[in-house]
Amino acid sequence: MKNNASLVYNVLLVVGDFLALVAAFVAAYVVRVKIDARPLLEPVAAMAYLKAFLIILPFWIFIFALLGLYNKNIYEKRFAEFGRLLVGSFIGLMFVVFIDFASKNPIFPARLVPIYGFAIGFVLLVLNRNILRFGRHKLFSFKIGLANIVVVGNSAVTTEVVQTLSDPRTGYNVVALVGTKHPADSAIPTYRSFSTFLASRPSGVHGIIQTEMFKDDARNTELLTYAQENHMSYRFVPGNIELFVGNIEVELFRSSMPVIVVRQTALFGWGRIVKRLSDIIMGSILLALASPVMVVVALFIKLTDGNDKIFFRQQRLTRFNKTFTMYKFRTTLSEYTGIDPEEAFPKMGKPELVKLYRDNGDQIPNDPRFSVIGRILRKTSLDELPQLINVVRGDISLVGPRPLIPRELAAYNKRHTILSVKSGLTGLAQILGRRDISFEERRKLDVYYVQNWSLWLDLVILAKTFRSVIGGRGASH
């Protein structure tokens with residue numbers, strides 16, 4: 001059974017974009033022709049202008065479609081959508097300007113009309129899509145428009161898939177679990193085999209997610225065939241996820257045999273060169289802008305604590321298991337600076353805090369090791385500013401996995417994947433949760449970044465980092 005909710009949403013996006021652009025260029029005409037008293041280049045009547053623009057507008061919408069703005073993979077990612085809307089709007093503007101230039105009869109009465117239309121249009125397009133997204137999520141919260149999914153499998157990934165889809169904002173609703181290892185008292189109906197599930201005469205199912213490849217090919221074929229015959233979506237989640245993410249290519253081996261090539265990271269070749277150049281340029285600019293603030297912070301630390309140690313220095317890990325000295329402003333009281341929590345908490349007579357600290361993802365509320373100015377610095381992330389020196393030097397990058405001390409990363413089984421790129425001043429963990437997610441979840445985000453790097457992803461992370469810092473979303477680590 002096909003779920004028409006996505007189709008309806010796509011139609012609303014197209015209609016909304018169309019109306020937003022019409023409203024924008026009507027407003028541009030009114031502002032320049034009716035309000036602005038300056039003389040016009042051409043006396044274009046309002047109806048003639050509107051008719052000409054309505055003829056051109058479908059081509060503008062077609063440009064949006066070519067850029068994937070009606071593709072689920074784009075419109076569900078706000079920053080990707082924002083960037084493509086900007087590019088699409090600019091291309092659309094160039095298109096209408098070219099048509100105006102090539103046309104025998106002028107379309108625009110003044111040069112500023114398309115400029116006004118572009119600016120107003122972009123604002124209205126973003127507003128339209130945010131309103132539609134909000135409405136869509138609101139409907140999801142009432143379980144309207146959700147895609148009903150059956151999850152089949154017994155692998156460790158199965159539980160993770162179910163937990164991920166338990167949030168209605170994903171747009172999915174797990175209606176059944178098929179497998180031999182699921183508890184009978186599960187809140188979701190469970191079945192030992194897919195045949196048993198089919199015997200229950202299911203209805204309203206829109207898709208199947210398989211989380212393991214069975215040894216019996218007949219069972220695998222049964223799932224895929226049922227999905228195809230009933231026009232359902234079918235997805236397969238591999239147990240070894242790392243094998244299927246990151247930079248994957250299919251190439252011919254010995255000119256005849258197709259093979260899948262899986263690289264440890266997508267950051268190689270020209271990507272490393274571009275990333276390093278951007279680190280030097282952006283890092284230098286940010287360091288120059290931050291220098292006055294750093295001087296003021298250093299004076300505050302000196303005056304409030306009286307200790308000569310303004311900076312906190314620690315050996316951290318970066319690409320290829322290389323150690324470097326990381327710089328931060330000192331946020332702890334001088335007697336607890338430079339020592340591990342296992343030593344600091346017993347030193348202050350609170351050894352019970354060690355376990356609480358580690359169990360809570362290396363953080364505790366109102367950590368007694370921090371000074372008053374230190375708490376402010378961590379809350380505002382100003383303690384991270386000296387790491388811009390590390391960025392310019394090439395120790396770390398602006399964006400990357402969080403640099404950790406060797407002991408913290410030693411027991412992590414995917415440490416070599418994380419250490420295949422430079423560590424970063426900020427990263428996915430900082431923008432997606434900061435202090436609200438566990439150590440294990442932060443490392444998973446680091447692995448995802450390494451395997452799915454792109455220049456656009458870096459720009460998105462930097463933009464969201466700025467937003468998180470301004471919003472004060474938690475302390476840094």
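**Ground rules.** I number residues from 1 along each chain as its sequence is written, and I use heavy atoms for side-chain values, leaving out hydrogens and water. In this predicted model, local features need pLDDT of at least 70 and side-chain atom pairs count only at pLDDT 80 or more, while totals for chains, interfaces and linings use all residues.

**Entry 1: α2 and α4.** I looked up how helix α2 (residues 46-66) packs on helix α4 (residues 78-102). Helices here are DSSP runs (H or I, at least four residues), and strands are runs of E of at least two. The angle is about 150°, and the axes are 9 Å apart. I therefore call α2 and α4 roughly antiparallel, a term for angles over 145 degrees. On α2, the contact (heavy atoms within 4.5 Å) includes Phe59, Trp60 and Ile63. On α4, Leu85, Gly88 and Ile99 are among the contact residues.

**Entry 2: α5.** Helix α5 (residues 112-141) has 30 residues and reaches 44 Å from its first C-alpha to its last. Its buried residues (under 20% relative accessible area) include Gly117, Phe122 and Arg133. The buried residues of α5 pack against α1, α2, α3 and α4. Lysine 143 follows α5, and its phi is positive, near 60°.

Entry 3: Is histidine 231 buried or exposed? Histidine 231 is exposed, at 62% relative accessible area; exposed means over 50%. Its phi is about 55°, although histidine 231 is not a glycine. Asparagine 321 lies in the loop between β8 and β9. Its phi is positive too, about 65°.

Key
Axes fitted to C-alpha atoms, helices over the stretch in contact; angles between N-to-C directions. Parallel < 35°, antiparallel > 145°, perpendicular 65-115°, else oblique. Expected span 1.5 Å × (residues − 1). Buried < 20%, exposed > 50% of the residue type's maximum accessible area, 1.4 Å probe, protein only.
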